[in-house]
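Here are a few notes to read alongside the model, starting with the packing and ending with the ligand. Have a look at the structure first.

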Amino acid sequence: MKAQRDTAKILVTFVKNSVSSVVKKNPHLTIKALQTPKYHTTDLSKHSFLITGGAGFIGSNLVAYLLGNNAKKVRVLDNLATGFRKNLDAFQDNPSFEFLEGDIRDLETCKKAMDGIDYVSHQAALGSVPRSINNPLTSNEVNVTGFLNMLVAQKESESVKRLVYAASSSTYGDSKNLPKVEDTIGKPLSPYAVTKLVNELYADVFHKTYGTETVGLRYFNVFGPNQSPTGAYAAVIPLFMQALKDKKSPTINGDGEQTRDFTFVQNAVQANVRAFFAKEEAVNEVFNVAFGERISLNTLWENLKSISGIDITATYGPPRKGDVRDSLANIDKARKLLEYNPLFSVKQGLQLTWEQF
Ligand code: NAD
């Protein structure tokens, strides 16, 4: 344990020093600096990857890792619904990088995107609980029909070995158990949570029926560089950071005592990379991807104020529909079967994210 903590400390110091020295000149180098830890032992120059949703927050961080570690090919499929080309600008001249603008709701597009690909990380979806409450049909089309298209394309592909997909902690729904363990879930609390649960059901059925290899990653509140603070459905950490930058009071939904297992994006990147190459026992399983500690929104806000050195008082609004009260992951299963070992704590992640923000 102590050795792990020391390694993490060294990495963070290294990353922070690299970040501060170069970030002013070129913001993209921040992401490059974050590639320092290695999450793979396989030679990536022998493999081709498809990242759906690669122009988005988590996907673009994964693209950065793979290209930074000499992957043979990294193809992104994205319709730019909530992602941004600017997240991929740094890779535009890299001969191993390809961008395919297209929609996962179209089966032929999914098939084309998988042509010649070994490993798929399926990140494309419409995130956000409130978005799905306001427009359940579109969330269903993208998150369920789009997902099903990806599975059908995988089933018909001659090259794809494995598809890793973004599942969600929202699948725990109304379960009161803490920490959350993979095999005990509750009932979904939002249309978004239904779509993510359906993904897991389809992945399981496809594996049993057609033998397709899938690994599901239930992310717990991921945050980090490239997470957008704009739009009606922005996540809480970029919203708080934007408020600090603008010196405006943010609104905390409810009393702020709700807790979350906030997860720095590098930990999610690690889980994806490990899942690509994990042993057979990990196939057709779902894993919690988190740091394994929870903090309240009030504490998060206090931490951010102290990191930024800016003192603003938050305002409080009504609680949000469909939100769970508390969230904390047990990550033993991912540790065991994926050899996942999250290196960045919430505080370390917040510091790195604020520096880039
Ligand atoms: P994001 O919105 O930044 O990225 C999603 C990407 O998918 C975007 O680039 C978007 O343009 C693309 N996309 C959306 N609809 C598409 C379509 N029809 N066809 C092709 N591309 C499409 O979100 P993110 O936070 O990076 O989330 C990535 C994945 O992780 C999603 O599946 C999300 O549901 C899941 N997830 C995220 C979190 C989190 O805390 N960020 C937590 C749990 C699960």
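1. Start with the largest nonpolar core, which has 69 residues; V63, L66, L217, L300 and L338 touch the most other members. Such a core is a set of buried Ala, Val, Leu, Ile, Met, Phe, Trp, Tyr and Cys residues joined through side-chain atoms within 4.5 Å, buried being under 20% relative accessible area (1.4 Å probe, protein chains only). Helix α3, residues 57-68, gives the most to this core, with eight residues. Helices are DSSP runs of H or I, at least four residues, and strands are runs of E, at least two, numbered from the N terminus.

2. Apart from that core lies another, of 24 residues, including L50, M114, V120 and A153.

3. A word on the source: this is a predicted model, where local features need pLDDT of at least 70, side-chain atom pairs count only at pLDDT 80 or more, and totals for chains, interfaces and linings use all residues. Residues are numbered from 1 along each chain as its sequence is written, and side-chain values use heavy atoms, with hydrogens and water left out.

4. Check the polar contacts (N or O pairs within 3.5 Å). A side-chain N or O atom of D103 sits 2.8 Å from a ligand nitrogen, while a backbone N or O atom of G83 is 3.0 Å from a ligand oxygen.

Conventions: Buried means under 20% relative accessible area, exposed over 50%, partly exposed in between (1.4 Å probe, protein chains only). A polar contact is a pair of N or O atoms within 3.5 Å; within protein, one must be able to donate a hydrogen and the other to accept it, and residues adjacent in sequence count only if both atoms are side-chain atoms.
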